Amino acid sequence: MSNQVVVAIVGGGPAGLFCAFELLNSKIEGIEVHLYEQTGGVGKKFLVAGNSGLNLTHSEKQEEFAKKYFKDEARFRSLLKDFNANDLIEWANTLGTETFIGTSGRVFPKKMKAADILHQWMNSLKSHENFHLHLKHSLTNITADGDLIFKHDHSNKTQKADYYILAMGGGSWTKTGSDGAWMEYIEALGVKTAPLKAMNCGFEINWSKHFQDKVDRGFVKNIVVSNESQNARGEIMLTPYGVEGGAVYAISNGLRDELEKSVSTKLHIDFKPDLKRQDVIEKLSRRNKDSLTNRLRKNLNFDKIATSLLYEVLDRSKAQEDVNYLAAMVKDCEIEVLRARPMDEAISTSGGVCFESLNDDLSAIKNNQYYFVGEMLDFEAPTGGYLLQGCFSTAYRVVKSIKEKEGINV
Ligand SMILES: Cc1cc2nc3c(=O)[nH]c(=O)nc-3n(C[C@H](O)[C@H](O)[C@H](O)COP(=O)(O)OP(=O)(O)OC[C@H]3O[C@@H](n4cnc5c(N)ncnc54)[C@H](O)[C@@H]3O)c2cc1C
C-alpha cells in the first residue's frame, strides 16, 4: 500500500493507548498502528490507580490547573488549551464512562471501574483491523540510526515506522512494567534526560514505638502542611514508618529536594489553618481545668489521631501550663523527616526526557520522527487527577502533530 502511514507506539499505559485511540480515529488514510508492550497486558499501572479510586482529572479552572505542573506551568497551559479536563471527561463518556466531581473537586468515574474502562478502550482499539498489539515485546536498545530493537521470545526484532511514539512511563511500581530501563539508551535519540526521582511518595519519620503501635494508617484531615518553600491543604496518613497522603504528596518534590541537600528536613503542620494563633489561644484558654486532651477535643475538635500526633511532638507538662506554647504547637507542629520512601513505592516519578530537547509538538528536536508522551517526560504534578490529565494532554498534542504532518486539518 503506497499511502500507508505506520506509527509504532512503545508502552501500553494510558499515554500510549490514548495515542493509539486518537490515531486510529484520526482519518489519516492508510494509518497502521503497532503498539509494543513489554508485559503480558496493557494498562497495568492504570489498573493499580483504579484500586484506590481512579481519579481521572480535576474540575478546577484551567489557570489554576496549569499551576499544578510546577516548573512546566506555561507548557501545560498550552497543552491544556488543546486537551483539557472537559475533553478528557468527554472522551471517557465515549467509552461509556460517566463521571462525577467529588467534594475535593477531583473527577472520578461514576460506576465503571478502571478495568471496565480499559476493557472498553481495548475493544475500541481492537475493532480497527489496522491496530496491531505486540505484547511481551520489550524495547531494549536504540541503534545510532534510530532503529528500535525489541526483545521478544529471546530474539530481537526491529520495527520500521514513519513515526515513533515513546510512552514507556516512569520508574515506580516496576511490577506494572514501568521500570525506567529506557533511561539507559534513550539519549541515542539526541534527547537529554533528568534522573528519575520519587514524587507523590511517603516520607520516613522516627516515631516513638508507642506512637507506631497506636496510629497505623490513621488520617489527620483538613490541615496545612508545609516545608521551606511549599504548602498544601488536605489530609495526611500516619503510618508506622512515617507519613503519606495527599497533602504530603503535594509538597513531596520540595521535601525530597531538601533531603538531597541535608540529612533531614522539617515538615510543619498547622492543625487549625482557619484560625489565627490568637483565636487558638482564646479557645484553648476556655475549660482550662480540663485535661489537655479534653481541652483540645472540646475547644478545637481534635480527634484521637490528631491528638496523638500533637502529643508525639510537644512537651505535655509545658503545654498544660502554657497556653501560648500549646497554641504555637497547634499552629506549627514541626516534625523531623528523615528520608523519602523508595522510588518503587511512589505514585509517580519526576525526571525523564527533558522538554528542552523537544519541539512544542513533543518530538525530538534532533529527530522529529520520534515523540515522547506521558510520565516518561520530565514533569511533576501532585495527585488529584493531574497525572493522568498530563498523560492524555501530551498524547493529544503528539497525535495532533502527526495529523498535521499528514495533512489532516486539526
Ligand atoms: C498507586 C497509584 C495510584 C495512582 N492513582 C492515580 C490517580 O488516581 N489519578 C491519576 O491521575 N494518576 C494516578 N496514578 C498515576 C498514573 O497511573 C500514571 O501517571 C500513568 O499510569 C502514567 O501513564 P503512562 O502511560 O505515561 O505510563 P505507564 O502507565 O507507566 O505505562 C508505561 C507502559 O510502558 C511499558 N514499558 C516500559 N518500558 C518498556 C519497554 N522497554 N518496552 C515496551 N514497553 C515498555 C510498561 O510496561 C507500561 O505498560 C497512580 C499511580 C499509582 C502507582
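Two strands pair if DSSP finds at least two bridges between them. The strands themselves, like the helices, are DSSP runs numbered from the N terminus, where a helix is H or I with at least four residues and a strand is E with at least two. With those ideas in hand, we can look at strand 6, where His 132 is the bridge partner of His 34.

Before going further, a word on what you are looking at. This is a predicted model, in which local features need pLDDT of at least 70 and side-chain atom pairs count only at pLDDT 80 or more, while totals for chains, interfaces and linings use all residues. Residues are numbered from 1 along each chain as its sequence is written, and side-chain values use heavy atoms, with hydrogens and water left out.

Let us stay with strand 2, which covers residues 31-36 and has six of its six residues buried. Here buried means under 20% relative accessible area, exposed means over 50%, and partly exposed lies in between, using a 1.4 Å probe and protein chains only. In a regular strand the side chains alternate between the two faces of the sheet. In strand 2, Ile 31, Val 33 and Leu 35 point one way, Glu 32, His 34 and Tyr 36 point the other way, and all are buried.

What does strand 2 pair with? Strands of a sheet pair through backbone hydrogen bonds, either parallel or antiparallel. Strand 1 (residues 5-10) runs parallel to strand 2 and is joined to it by six bridges, with Ile 9 standing opposite Leu 35. To get from strand 1 to strand 2 the chain passes through helix 1, making a right-handed β-α-β crossover; right-handed means that, with the strands pointing away from the viewer, the path from the first strand over the helix to the second runs clockwise. Strand 6 (residues 131-134) also pairs with strand 2 in the parallel sense, over four bridges.

The loop between helix 1 and strand 2 holds Lys 27. Lys 27 is not a glycine, yet has a positive phi of about 70°. With a relative accessibility of 74%, Lys 27 counts as exposed. His 154 sits in the loop between strand 8 (148-152) and strand 9 (155-158), and counts as exposed at 77% relative accessibility.

Now to the ligand. It is surrounded by 32 residues, and the closest are Glu 37, Asn 55, Ser 178, Glu 375 and Leu 388; a residue counts as near if one of its heavy atoms lies within 4 Å. Helix 1 (14-24), helix 2 (44-51), strand 7 (138-142) and helix 15 (386-405) each give at least two residues to this shell. Sorted by class, the shell has 14 nonpolar, 15 polar and three charged residues. In this sorting Ala, Val, Leu, Ile, Met, Phe, Trp, Tyr, Cys and Pro are nonpolar, Asp, Glu, Lys and Arg are charged, and the others, Gly among them, are polar.

Some of these neighbours make polar contacts, meaning pairs of N or O atoms within 3.5 Å; within protein, one must be able to donate a hydrogen and the other to accept it, and residues adjacent in sequence count only if both atoms are side-chain atoms. A polar side-chain atom of Glu 37 lies 2.6 Å from a ligand oxygen. For Asn 55, a backbone N or O atom is 2.8 Å from a ligand nitrogen, and a polar backbone atom of Gly 177 is 3.4 Å from a ligand oxygen. Taken alone, the ligand exposes 1,000 Å², and the protein buries 96% of that. Such areas come from the Shrake-Rupley method with a 1.4 Å probe, and for residues only the protein chains shown count as cover.

Our last stop is an open sheet of seven strands, ordered 17-16-13-14-15-12-18 with antiparallel pairing. Its edges are strand 17 (333-337) and strand 18 (339-340), each pairing on one side only. Strand 16 (residues 265-270) is antiparallel to strand 17 and joined to it by five bridges. Within this pair, Thr 265 has Val 337 as its bridge partner, and His 268 stands opposite Glu 334. Which face of strand 17 is covered and which is uncovered? Cys 333, Ile 335 and Val 337 form the covered face, while Glu 334 and Glu 336 form the uncovered one.
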